[in-house]
Amino acid sequence: MQPRRDRLEYDVDVAGEDLLLVHTLNTPEGELATATVDAPGLEHWRQVTPPADGERLLGCELFEHFALVTLRRDGLTGLRLLPRGGQGEPAMRWPRLLPPD
């Protein structure tokens with residue numbers, strides 16, 4: 001994995017050969033990226049999506065068919081479900097769906 005350094009925080013989850021990361025390389029609000037177990041260094045991180053305006057990405061978990069991203073928006077904790085292999089919706093905030101942007 002990428003060695004720790006100043007101003008770089010990351011949360012990573014592994015599923016098989018895939019890595020999913022929330023990191024602060026380019027913004028303190030976090031970005032979502034992918035990499036592989038064979039090439040986990042930041043030079044191999046591929047951006048999936050930056051946070052939306054007003055969001056802070058906190059963490060991620062990989063499952064067989066989707067990824068779950070935890071975030072903060074409007075002062076509340078939220079979840080974003082992304083299908084494996086691409087971007088997607090819905091973004092969910094407990095106990096109801098977020099209003100459309």
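What percentage of the 101 residues in the protein chain is buried? Buried residues make up 36% of them, where buried means under 20% relative accessible area, exposed means over 50%, and partly exposed lies in between, with a 1.4 Å probe and protein chains only.

Before we go further, a word on the model. It is predicted, so local features need pLDDT of at least 70 and side-chain atom pairs count only at pLDDT 80 or more, while totals for chains, interfaces and linings use all residues. Residues are numbered from 1 along each chain as its sequence is written, and side-chain values use heavy atoms, with hydrogens and water left out.

Let us start with the overall plan. The protein chain has nine strands and zero helices, and from the N terminus on its elements run β-β-β-β-β-β-β-β-β. Here strands (E, at least two residues) and helices (H or I, at least four) are DSSP runs, numbered from the N terminus.

Now look at the strands E1 to E4. They form an open sheet in the order E1-E2-E3-E4, with antiparallel pairing; two strands pair if DSSP finds at least two bridges between them. At the edges are strand E1 (10–15) and strand E4 (46–49), each pairing on one side only. Within the sheet, strand E3 (residues 31–36) and E4 run antiparallel and are joined by three bridges. You can find Ala33 opposite Gln47 in E4.

Next, follow the charged side chains. Side chains of opposite charge can pair when their charged atoms come close. The whole structure holds two salt bridges, a salt bridge being a side-chain nitrogen of Lys or Arg within 4 Å of a carboxyl oxygen of Asp or Glu. In one of them, the side chains of Glu55 and Arg73 meet at 3.8 Å, N to O. Because Glu55 lies in strand E5 (residues 55–62) and Arg73 in strand E6 (residues 66–73), this pair ties together parts that are 18 residues apart in sequence. Both Glu55 and Arg73 are buried.

Glu55 also meets Arg80 in a salt bridge, at 2.9 Å, N to O. This pair links distant parts of the chain, with Glu55 in strand E5 and Arg80 in strand E7 (residues 76–83), 25 residues apart. Arg80 is buried, as is Glu55. Through shared partners, the salt bridges join Glu55, Arg73 and Arg80 into one network.
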